[in-house]
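Thank you all for coming.

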Amino acid sequence: MWRRTVPIMITFIVGTVLVVAEFIPHKPFGNLGEDFSLYFDIIAVFAFILGGGNLCRVHFSKVYRKKTDWQFSIVTLLGFFVMLAAGLFKIGNPEGIQGDVTAAGSLFADLYDSMFTPLQGTMYALLAFFVASASYRAFRAKNIDASILLIAAFVILLGRTPAPSLIADFFAGAGITFMATAFNFVPTLTDWIMDVPNLAGQRAILIGIALGVISMALRLILGVERTYLGSDSK
Amino acid sequence: MANDEKNNRGLLDRLQFIDRRYIFIFIALAVIIPLLLGLRFEEKPSPIVLALYDKVDNMPPGSRLLMSFDYGPTTAPEIQPMVDVILRHACLRGLKVYLMAVWATGQSLTVQTVEDVLIPEFPDYEYGIDYINLGYKAGNQGLIRVIVDDMKRMYSTDANGTDIEQVPMMKQVESLKDMDLIVSFGGGFPGIKEWILFAGDPGAIPIGGACTAVSAPQLYPYYPNQMVGLLGGIKGAAEYESHVLDRYPDSFKTKPTPGMNMMVAQMVAHIVIMLFIVFGNVMYFMYRGKERKLAMEK
Amino acid sequence: MNPKTIKLIIFIVILTSIVLSVYFVSMDRDSIREGIFVTSAAFLTLFIMSFLYKDNPYYKFAEHLFVGVSAAYWMTMGFWGTMMPNLVAKLWPGAVRGVLPALAEKDASYWFVIPLFLGLVLLMRLSPKGGWISRWALAFIVGTTAGLNLIRYLRSDFIAQVNNTIIPLVDKTEAGISFWGSFSNIFVFIGVLCGLIYFFFSKEHKGFFGGAARIGILVLMLTFGAGFGYTVMARISLLAGRMTYLFGDWLGLIN
């Protein structure tokens, strides 16, 4: 009962109230709907703490048991506690403990700029190299479908840069007007691909996803879908 | 003859399965060299970018613009130029600017933007009267769901801890419905899509977007009925910068244009990747032809 | 050469470069603090990029540091942004007098004991025995997400999108009928319909249905092609951003 029925009831009540509040935005549903959303926002913060707690548990255990690369876990824990202390105690904050935690000049802001930003930014920047490598190795025009994909990609890659107008100017200077016209048309074609075929495809995907989300939400609210409760939920 | 073919196939093999680090070097050079050269070209705004520009440009002075910083350092190189140029445009037009973040990483970037752009370039803009930093709140779409009806339930203070009731520019604001335009800067979750779903559509509030190129194609179905305009990736930023420079040359000629500056590197890198794809396909078909020929000979 | 010696040489080179960088940046900007932080950002960027050559201890160092720093960043932002003003200040206004004096005199609202309870229950997940009770908080999160999403997706991503697709197939302008506009409108209508048919697997893709699904695939291929182009664009921008930092902010070669 406590492990299965209560959570299913909570999901049902909360989900139903929020749905009803959309249609009857008056007391008690309107207020309850807003309250539940507000509580949700607050509980989300506990999820951050849970994440931090879990991180400490995993890495302390790794260090304690001297598992492979345990030395790097010390780096993780050091980074975690230094950043946490800088933020929670607002160390070096020009406005003191009452100021904005991210205020310029605070240790928290400096660590954000000198560690968080380069680390997170570069992790994603690496993808440029892997996209290029994958394009060379895997992007093959093996059939009509792949060829269409390739052509659309080429038009977008070219059309979303100043290249077409530069090339068109070159051809116009050389007196090859039809090529100049063709390259001048690339940005228009790019806009058309985005506004028409891309729009149609994305809209079909969007409608498909919406139907999926709606049915999943219904399954959750009605208690049909219980996998989020874990293995002993049946 | 057989030896020649074997050598030929060996070369094809090597090119087909070339060490990816050579490709990495090409990409790095394709980006670094144009950046060092510092070239810049004019950009013609596409209709979807122009639509957002026109919306901001046609708002009467004193109108309320909410800018939501829904991004982090990962996508800042793409998004920050859009934030800077729209903020400059808004301040030039005399709009009241409300800054907030649905992403935790957004609050640090909000402070940086205020320090780098707003304070030095618009000294007449007064905190609490012309602009406010509401800061970050957790809750993703749950947050938007609450503030679309009642802003002060979540924002009891601004980012500096000041009582929201004491801030002059918040006195007339009860909910997001009091905003004349909301522009979400981001692309991930929560982002422009959540702003449309949970604020724009239910509250009939105009929503504009400035997002990463990755997420731009997914947002086209919302334009123009559910979203007033969209800046997609660095190209969108460059188009907006170029257009605003064209319309307000006196105010913008000395301002940085990071979007336009990055477009040449972007162009060269795109061309290099296209050449890689073409070359990869040529190698592939030559390799496949040889394979078939060898199989037939056997 | 002995691999250990090579590793030692690399370490000494990196250490010397860091010291030199701190020195020169500090001199350039007249601030040791800036020298340290700018150098830290530059070398952490290089450490992550070193993964392109191969996995190495410097990359692992940066990667592990990233994990710790990010978790703490999110916790701090949640604590100061939401937990203090929206939970602690609501339950015990007097308790925040030292950090948020603006809220210290407000009335308490004891309904906020509900999110406090659910939040604490969520943390029980860390406990080896009482983890099951965290399901209550999880159930609340799942219920809220489902309730919020159900109507909003139905309205904005289903009804509104169907509505946006029902457009005049013949595009009439002041100058007459626009061929290109009409073609585009028809393309959108048929494209969406065929795309949806392709996603519909309850009926076998044969005959007319199969033909429509085939058109759907072609439309989706154009969509994915556009998506690929935009993805490349995004990734290159991010790389250009980091390079601008290295060659501009750090080395001062880009204005």
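Predicted model: local features only at pLDDT ≥ 70, side-chain atom pairs only at ≥ 80, totals over all residues.

Let me begin with chain C, whose secondary structure comes to 7 helices and 2 strands, where helices (H or I, at least four residues) and strands (E, at least two) are DSSP runs numbered from the N terminus. Read from the N terminus on, its elements run α-α-α-α-α-β-β-α-α.

Residues are numbered from 1 along each chain as its sequence is written, chains are lettered from A and ligands numbered from 1 in the order in which they are written, and side-chain values use heavy atoms, with hydrogens and water left out.

Staying with chain C, its radius of gyration is 29 Å, whereas a compact globule of 255 residues would have one near 18 Å; the radius is taken over C-alpha atoms, and the globule rule is 2.2 Å times the number of residues to the power 0.38. Its C-alpha trace spans about 70 × 60 × 50 Å along the principal axes. Of the 255 residues of chain C, 51% count as buried, which is to say under 20% relative accessible area, with exposed being over 50% and partly exposed in between, for a 1.4 Å probe and protein chains only. If we take the contacts in chain C (heavy atoms within 4.5 Å) between residues at least 6 apart in sequence, 26% of them join residues at least 24 apart.

Chain B has 12 helices and 6 strands. Its radius of gyration is 24 Å, well over the 19 Å that the globule rule gives for 298 residues, so chain B is more spread out than a compact globule. Buried residues make up 62% of chain B, and among its contacts between residues at least 6 apart in sequence, 77% join residues at least 24 apart.

Chain A, for its part, has 8 helices and 0 strands. With a radius of gyration of 27 Å, well over the 17 Å from the globule rule for 234 residues, chain A is also more spread out than a compact globule. Of its residues, 54% count as buried.

Now to the packing. How do helix α2 of chain B and helix α7 of chain C pack? Helix α2 (residues 20-37) of chain B and helix α7 (residues 207-250) of chain C pack at an angle of about 55 degrees, with their axes 10 Å apart. Here axes are lines fitted to C-alpha atoms, for helices over the stretch in contact, and angles run from 0 to 180 degrees between N-to-C directions. That angle makes α2(B) oblique to α7(C), since angles under 35 degrees count as roughly parallel, over 145 as roughly antiparallel, 65 to 115 as roughly perpendicular and the rest as oblique.

The residues that meet include B:Ile27, B:Val31 and B:Leu35 in α2(B), and C:Ile236, C:Met243 and C:Phe247 in α7(C). By class, this contact of α2(B) with α7(C) has 10 nonpolar, 1 polar and no charged residues, where Ala, Val, Leu, Ile, Met, Phe, Trp, Tyr, Cys and Pro count as nonpolar, Asp, Glu, Lys and Arg as charged, and the others, Gly among them, as polar.

Within chain B, helix α4 (residues 76-92) and helix α5 (residues 104-121) pack at an angle of about 40 degrees, with their axes 11 Å apart.
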